[in-house]
Amino acid sequence: MKIQTFFPEVSMKSRILAATVPALLFLCSSVPALAVDGEPYIHDPATVMLCDGKYYTYGTGGGGLVSDDGWTWHSGTRVPGVGAAPDLIHIGDRYYMAYSSSGGGLGGGHASAIHVMWTKTLDPNSPDYKFSDNTIVASSDGVEDCDAIDPGFLLDPTSGRLWVTYGTYFGFIRIVELDPKTGHHVEGNKPVNIAIDCEATDPIYRDGWYYLFGTHGTCCDGANSTYNLRVGRSKSVTGPYLDNLGNDMIKGGGKLVAAASGRFVGLGHFGLMDLGDGVQKFTCHYEADLDRSGRSVMDIRPLRWKDGW
């Protein structure tokens, strides 16, 4: 997860504002969204990060995308050894990356681990580009009702505490606390179950509420995928997360945010982009873009709020 601010980049804000189709948050627009330009081919994109004037994201398998303006994307650097669904967060002089080593049925099982490592820059041409201190912060044994995959970061602006959510349809979505100075698991902190029936979760904080975005439906089946985005909110980072009808996400609740539209099939993997001045966007991927040979692509869409939703 996935939150990133872009206050200095006026050109990016103007470009995205001009190119995206307005839509209210949590309403499925009847007008198909505009896909970003270039070659945005990726699956499970991490939160977009601004670093030294360029924009970066990474996906399953460690492959990355890079952009000069935040809208036109091309293949970028690859991080060796990265498994599935990485996420990024910038804290101090470090860029932390979380990823899962396996799970999600990869290799036929659900035993996996969430790893965290860090680098001082995302620019592969910099002498400071090196991911270090790879550590396991959560795991699953393949038998318990959890699958340690699809991590999503949250740095709580009210307390400075760092959290990561993880999990899939195989069982519970869990949240556990990390040390923001090291990215390591906070000793003695035990994972808390907060949701079911979703994956690729991403927590954010806004106006006194913690929001948990989760991807519902099926993935990895091209144009047959049914991914769609759901959300619940809580006054506590560890839940309970309820939707607008009061249904708890631990019981399968979740308000619809966005889904398939036109040529775009299987919308999932929310990531927040805060452009400043109250302007917010979100990144996602489509399991299939029917105008791009059914390939999985990243997109950037408008994010607007009404009555806390």
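Biologist: Which residues line the second largest cavity?
Modeller: I196, D197, C198, H216, R230, M249, G252, G253 and G254 line that cavity (on a 1 Å grid over the protein atoms alone, points where a 1.4 Å probe fits but cannot get out; lining residues have an atom within 4 Å of a point). This is a predicted model, with pLDDT of at least 70 required for local features and 80 or more for side-chain atom pairs, while totals for chains, interfaces and linings use all residues. Numbering runs from 1 along each chain as its sequence is written, and side-chain values use heavy atoms, without hydrogens or water.

Biologist: What does R230 stand opposite?
Modeller: R230 faces L256 in strand 18 (strands are DSSP runs of E, at least two residues, numbered from the N terminus). Strand 17, residues 228-234, pairs with strand 18 in the antiparallel sense over three bridges (pairing needs at least two).

Biologist: And which strands form the open sheet?
Modeller: The order is 15-16-17-18, with antiparallel pairing. Strands 15 (199-206) and 18 (255-258) are at the edges, each with a single partner, so one side of each has no neighbour in the sheet.

Biologist: Now the aromatics: how many pairs are there?
Modeller: There are seven in the whole structure (ring centres within 6.5 Å; stacked under 30 degrees, edge-to-face over 60, otherwise tilted). F213 and F270 are stacked, because their ring centres are 3.8 Å apart and their planes at 5°. F213 belongs to strand 16 and F270 to strand 19, 57 residues apart.

Biologist: Is F213 buried or exposed?
Modeller: F213 is buried, at 0% relative accessibility (buried is under 20%, exposed over 50%, partly exposed in between, with a 1.4 Å probe and protein chains only). F270 is buried as well, at 1%.

Terms used
On a 1 Å grid over the protein atoms alone, a cavity is a set of points where a 1.4 Å probe fits but cannot get out, and a pocket is an open set with protein on both sides within 12 Å along at least five of seven lines; lining residues have an atom within 4 Å of a point. Helices (H or I, at least four residues) and strands (E, at least two) are DSSP runs, numbered from the N terminus. Rings of Phe, Tyr and Trp (its six-membered ring) pair if their centres lie within 6.5 Å; planes under 30 degrees apart count as stacked, over 60 as edge-to-face and the rest as tilted.
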